[in-house]
Amino acid sequence: MADPKVLTHLQRLEAEAIHIMREVVAEADNPVMLYSVGKDSAVMLHLARKAFYPSPPPFPLLHVDTTWKFQAMYELRDRMARESGMELLVYQNPEAEARGINPFDHGALHTDMWKTEGLKQALDKYGFDAAFGGARRDEEKSRAKERIFSFRTASHGWDPKNQRPELWNLYNARKNKGESIRVFPISNWTELDIWQYIHLNDVPIVPLYFAEERPTYEWEGQLFMADDIPRLERVLGRKPEIVNRSIRFRTLGCFPLTGAVESTAKTLPEVIQETLLTTTSERQGRVIDKDAGGAGMEVKKQQGYF
Amino acid sequence: MTDQTDVIYKTDDLIAQDIDAYLEQHQHKTMLRFITCGSVDDGKSTLIGRLLYDSKMIFEDQLAALESDSKKVGTQGAEIDFALLVDGLAAEREQGITIDVAYRFFGTEKRKFIVADTPGHEQYTRNMVTGASTADLAVILIDARKGVLTQTRRHSYLAHLIGIRHIVLAVNKMDLVGYDQATYDAIVADYAAFARSIGIERFVPMPISGFKGDNITGLSANTPWYTGPSLIQHLETVEVDTTTDQAKPFRMPVQWVNRPNLDFRGFSGLIASGTVRPGDTVRVLPSGKTSTVSRVVTLDGDLDEAVAGQSVTICLADEIDCSRGDVLATADAPPQAADQFESTLVWMADEALLPGRAYWLKLGTQTVSATVQEPKYTVNVNTMEHLACKTLDLNAIGVAEITTDRAIVFEPYAEGRTLGGFILIDKITNATVAAGMLHFSLRRAQNVHWQAMDVSRAAHAALKNQQPAVLWFTGLSGSGKSTIANLVEKKLHALGKHTFVLDGDNVRHGLNKDLGFTEADRIENIRRVGEVAKLMTDAGLIVLTAFISPFRAEREMVRELLADGEFLEVFIDTPLELAEARDVKGLYKKARSGQLKNFTGIDSPYEAPESPEIRVDTTKESPEDAAERIVDHLLGWAPTI
């Protein structure tokens, strides 16, 4: 017997994620991958391509769009769909569109209508019974307790007290008509694992993660990128004061809701370096976790948010 | 005190000065999964909070929130309450307890760690077994002031049961006993005696304080008499299971057949044990056919060798049958297949085990229908006593025989978790109701073979010039099942069809006279009737059965016994009020007065069919009309309603 080949933690996390994806494809009727174009989605998509190679991943990508994403995100999204050979489905909640819901005038309603409601509508419209999501357990406290196969009622509700026990790597994907599961293949990855994996595998990510001179404005004490100046002017009713700064993003969402950080990190090792030396948590800039005191995400999830 | 902290964790300098060197180091880290178990106040959450805190997995904003929360709801006065870091769900924060399995992450220079935080409450055996199932190591926490408790024994038993090879006995809160060596030694001796008695051969004891940080990262000056490793040092050097598994024979359950085009056919799976290389001879189980590995395919290129713990796609040199549920194994030491086993079950659902009921059993990538016999015994997890039992309730652990409807490829759990561990799934609710571990197959399963008959099933049916079928009448007592079944049989008989009626009351006079009316007996009643009906269809008969058969799961079990399309569920739908008003046999009256127990509709449920082939509403249709319609449906003369 030769010396054992010791697998690194990234090799084991990769093998686990691939195993999970194959189980879903083998057992679900109509799976889909939720694709938000962020770095976690990028890794998840890459893992899917590995899991089924040489076949293309046998499910579509679903982007629940708010129409307020960065232009660079739309570009990468379309490119990755082409390169992976997967069908891309883009869903925009027609009611949010009709009512002109936007992050400036509507605050939390913006996330609720475009993302939470939009996601539910999209899943119902296509009848998906299993949806891959890129959530990680290290992101937030209630995520730490969620299963990898997370069961949802017909109305997309999550009951944290009634989760199926998950033993070994045996996943129970059985469900009744109308019910569905959310599947989190990268549950056990940390933010550093994600960055390291992108680095080692040259996973394409949105250039906004890297520092560059970009037009910025300040709003409610935070720094934002002026991604679509005419639209900003329309919604704000005035021209914001635009200053060019070297910035990058630690997390990507809707451009008026995603705070930028001033940075000079232009390469992946520099980004990782900055991430490791930083002293605030990744989701800190996001509004969604802070509603309803400490239980923000848990309440949102019970209502059907991813 | 924790003078080695900096050596182990302090990588900030390297990050700042040479990020590439840091990344190189991180890239070669291995991963260890472990669980922490202890009683409610043993300081489990505090210990995990401490590990996260020391490894700088806590950011400033989280720390600020932690400090303010510690003052508001903390239990440590003005000091930081590390437990608040890991108490996740809102309900828990209010109750001050951990109610489910939570997974936490931290790392040192050498390893990444995933911690399953499992609760110490009696009612949550289920959660601990869940957390332990993926762990390489268990940290059993003991409060130094209290010593070995009932819960310590339970956690150790469960960790051992689930096959964890590395056990750490962390005697916590040493600061509260003045770091007294005699106290520590007495607890370790006490635990050693217990551990031996349940078969734990080795464990590593250490005196710690999660709250103060003693012997967590480095060795503490407060315990100069302790010469073993610190907790982190030990966690960093223990051998992980995937490495151990490489020395075992090759096994890979096939998850998915990868077939992008006619030129490529690969078998995708996660290697459970051993290693595989192109050129290796492998056997496909259960068929037993052999072939040679031609390629080990990944997106990053073909591999010369793949090992336990890797997800790969394997191509074979020959076109042989192989699909999901099959197992690829080394040709000269393949696992066996069997359909009867002795196994340990950990029951995880509120609804107790029903011996005889069919559940889905998932093992590796195989899913089959399985029934559990009445358990041989249940284990009292506090005293390890074996007790007689009829069933298993939530959190009960027992040993029972299991029969599957077809042979499955397996290994004893002690030899491999992947082919020895299984879950049971309720067929109606789809809930995961039990975790199980196979011990060995039962001999009779291997020795009873099907006797092949020369006059086939088809020949029997052809001679009678009919399609065999089972008309399964179900409904409340007094709904009219027997009446309508009788009319249907008369009509079929007049048409020259060969029929037979199995009636509930009649069967209970003979074949099933040993059975009562408990849930378990009712299930066995239906199982036997189903098997008899199946034999009769093999003989070419049209069988009519008239049984209340109140449970959906058992009706589905009979449906699965029979060939596709041969089971016709006939729901005689009579409202309870009407059936009770008729009360032909006077049974409802007896049930209402308490003379008759477990009577369907009164104190035992009736689960109506969701989509029966035929439904008869007796408030709208006469027995004669219903019988006519059923005959038409059976013989394919008219569309059904």
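Predicted model: local features only at pLDDT ≥ 70, side-chain atom pairs only at ≥ 80, totals over all residues.
Student: Where do I start with chain B?
Tutor: Start with the overall counts. The secondary structure of chain B comes to 21 helices and 28 strands. Of its 641 residues, 47% are buried.

Student: How is chain B divided into domains?
Tutor: The assignment gives four spans: domain 1 (5–239), domain 2 (245–330), domain 3 (337–447) and domain 4 (457–634). For spacing, take C-alpha centres. Those of domain 2 and domain 4 of chain B lie 48 Å apart.

Student: What share of the contacts in chain B joins residues 24 or more positions apart?
Tutor: Take the contacts with a separation of 6 or more. Residues 24 or more positions apart account for 73% of these in chain B.

Student: How do I read burial, and is B:S549 buried or exposed?
Tutor: Count neighbours. A residue is buried if 20 or more other C-beta atoms lie within 10 Å of its own. B:S549 has 27 C-beta neighbours inside 10 Å, so it counts as buried.

Student: Where does B:S549 sit, and what does it touch?
Tutor: B:S549 is in the loop between β26 (542–546) and α18 (552–561) of chain B. Setting aside residues up to four places away in sequence, B:S549 touches B:T474, B:I526, B:E554 and B:R555. An unreviewed UniProt entry carries the annotation "active site" for B:S549.

Student: Why does B:P412 count as partly exposed?
Tutor: Use the count again. B:P412 has 18 C-beta neighbours inside 10 Å, so it counts as partly exposed. B:P412 is placed in the loop between β21 (397–410) and β22 (421–425) of chain B. Beyond residues up to four places away in sequence, B:P412 touches B:G420, B:L438, B:H439 and B:F440.

Student: How far is B:P412 from B:T545?
Tutor: Their C-alpha atoms are separated by 41 Å, and the two residues are 133 residues apart along the chain.

Student: How do I read a sheet?
Tutor: Strands of a sheet pair through backbone hydrogen bonds, either parallel or antiparallel. Chain A has an open sheet of 4 strands in the order β8-β7-β9-β10, with antiparallel pairing. β8 (222–225) and β10 (261–262) of chain A each have a single partner strand, so one side of each lacks a neighbour in the sheet. Between β9 (residues 243–248) of chain A and β10(A) there are 2 bridges. A:I247 stands opposite A:E262 in β10(A).

Student: How many residues does each chain give to the contact?
Tutor: Chain A gives 56 residues and chain B gives 59 residues. On the side of chain A that touches chain B, α1(A) supplies the largest share, 10 residues. By class, that side has 23 nonpolar, 18 polar and 15 charged residues.

Student: Which residues touch the most other members of the largest nonpolar core?
Tutor: They are A:M33, B:A138, B:I140 and B:L471, in a core of 236 residues. The most residues in this core, 9, come from α1(A). Leaving aside neighbours within four places in sequence, the contacts of B:A138 include B:F34, B:I35, B:A159 and B:I167.

Notes:
Residues numbered from 1 in each chain as written. Chains lettered and ligands numbered in written order. Domains from an automatic or database assignment. Buried ≥ 20, exposed ≤ 12 C-beta atoms within 10 Å, placed from the backbone. Contact = placed C-beta atoms within 7 Å. Nonpolar A, V, L, I, M, F, W, Y, C, P; charged D, E, K, R; others polar. UniProt positions renumbered as here; feature names shortened; annotations may be inferred. Pairing = 2+ DSSP bridges. Core = buried A, V, L, I, M, F, W, Y, C linked by C-beta atoms within 7 Å.
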